[in-house]
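Good morning, and thank you for coming. Today I shall present one structure, beginning with the surroundings of its ligand and then turning to the chain as a whole.

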Amino acid sequence: MTTQSTTINFQQYPQDQLIELSYVSQATHDMGMLSLMNLLEDAAHKNAHKKLTGVLFYDTGIFGQILEGYPEQVAHVWNSILADHRHKNIQVLEVGALKERRFSNWAMKFYGSDEISKYVPELKLHLKEGALSLPDEILTLMRSISNQSSEGVFQVG
Ligand SMILES: Cc1cc2nc3c(=O)[nH]c(=O)nc-3n(C[C@H](O)[C@H](O)[C@H](O)COP(=O)(O)O)c2cc1C
């Protein structure tokens, strides 16, 4: 898999086609717990309103996110995300049609450093290595938590 441009043609999808968009990025400044919680609360609130679901990972200055929803709403939040100065070097892992949501219960599930260590330790290694050496593996690992128990994971939504 080669990584894609951040310019996405959302109009290629029918309006009622669920899509999934995933990316990794680098925090502009190391995010403290409070900044992360602010970001997350804001995101979850807006996502719930737009029927968007997904997961956000953050560890040692690297974000990883999967967003699910209908094209118009994904496009809208994507534009905000691209313009957000809290991160840079945004690299799309994959965008495509989705049969059913993997994170249907989550306006934005969050995995910080501790949760990543506990539930997806391999992802920790990949994110540390500057993310994009292995985009397929990163995406597979990010998706893998969709059916996991959410025990102990900070939840918004
Ligand atoms: C890594 C990262 C992930 C984000 N995820 C979301 C998200 O899932 N939903 C959302 O509404 N905003 C998200 N945001 C915040 C948006 O970039 C933006 O700040 C927020 O939507 C407000 O945008 P607006 O002023 O254009 O409405 C994220 C920001 C960052 C840095």
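This is a predicted model: local features need pLDDT of at least 70, side-chain atom pairs count only at pLDDT 80 or more; totals for chains, interfaces and linings use all residues.

Please look at the ligand. The shell around the ligand holds 17 residues, and those that come nearest are Ala43, Lys46, Phe63, Ser80 and Asp84.

Which elements supply the shell? Helix H1, residues 33–50, strand E3, residues 62–69, and helix H2, residues 71–83, each contribute at least two residues. The most come from H1, which gives 5. By residue type, the shell around the ligand comprises 8 nonpolar, 5 polar and 4 charged residues.

Let us now step back to the overall chain. The protein chain contains 5 helices and 5 strands. Read from the N terminus, the order of its elements is β-α-β-β-α-β-β-α-α-α. Of the 157 residues in the chain, 34% are buried. Among contacts with a separation of 6 or more, 79% are between residues 24 or more positions apart.

How many of the residues of E2 are buried? The count is 7 of 7, and therefore the strand is largely enclosed by the rest of the structure. In a regular strand, side chains alternate between the two faces of the sheet. In E2, Thr53, Val55, Phe57 and Asp59 point one way, while Gly54, Leu56 and Tyr58 point the other way; all of these residues are buried.

What are the partners of E2? With E3, the strand runs antiparallel, and 7 bridges join the two. One of the pairings links Phe57 to Gly64 in E3. E2 and E3 form a hairpin with 2 residues between them, and in the turn Thr60 has a positive phi of about 40°. With strand E5, residues 109–111, E2 runs parallel, joined by 3 bridges. Here Val55 has Lys109 of E5 as its bridge partner.

Finally, consider helix H5, residues 135–144. Which residues of H5 are buried? They are Pro135, Ile138, Leu141 and Met142. These four lie on the same side of H5, because they cover an arc of only 130° around the axis. The buried residues of H5 pack against strand E1 (19–27), E2, E3, strand E4 (87–97) and helix H4 (121–128).

To close, I would ask you to keep two elements in mind: E3, which supplies at least two residues of the shell around the ligand and is joined to E2 by 7 bridges, and H5, whose buried residues pack against E2 and E3, among others. Thank you for your attention.

Conventions
Residues are numbered from 1 along each chain as its sequence is written. A residue is near a molecule or strand if its C-beta atom, placed from the backbone, lies within 6 Å of it. Ala, Val, Leu, Ile, Met, Phe, Trp, Tyr, Cys and Pro count as nonpolar, Asp, Glu, Lys and Arg as charged, and the others, Gly among them, as polar. A residue is buried if 20 or more other C-beta atoms lie within 10 Å of its own, exposed if 12 or fewer, and partly exposed in between; C-beta atoms are placed from the backbone. Two strands pair if DSSP finds at least two bridges between them. Two residues are in contact if their C-beta atoms, placed from the backbone, lie within 7 Å. The arc is that of the directions from the helix axis to the C-beta atoms.
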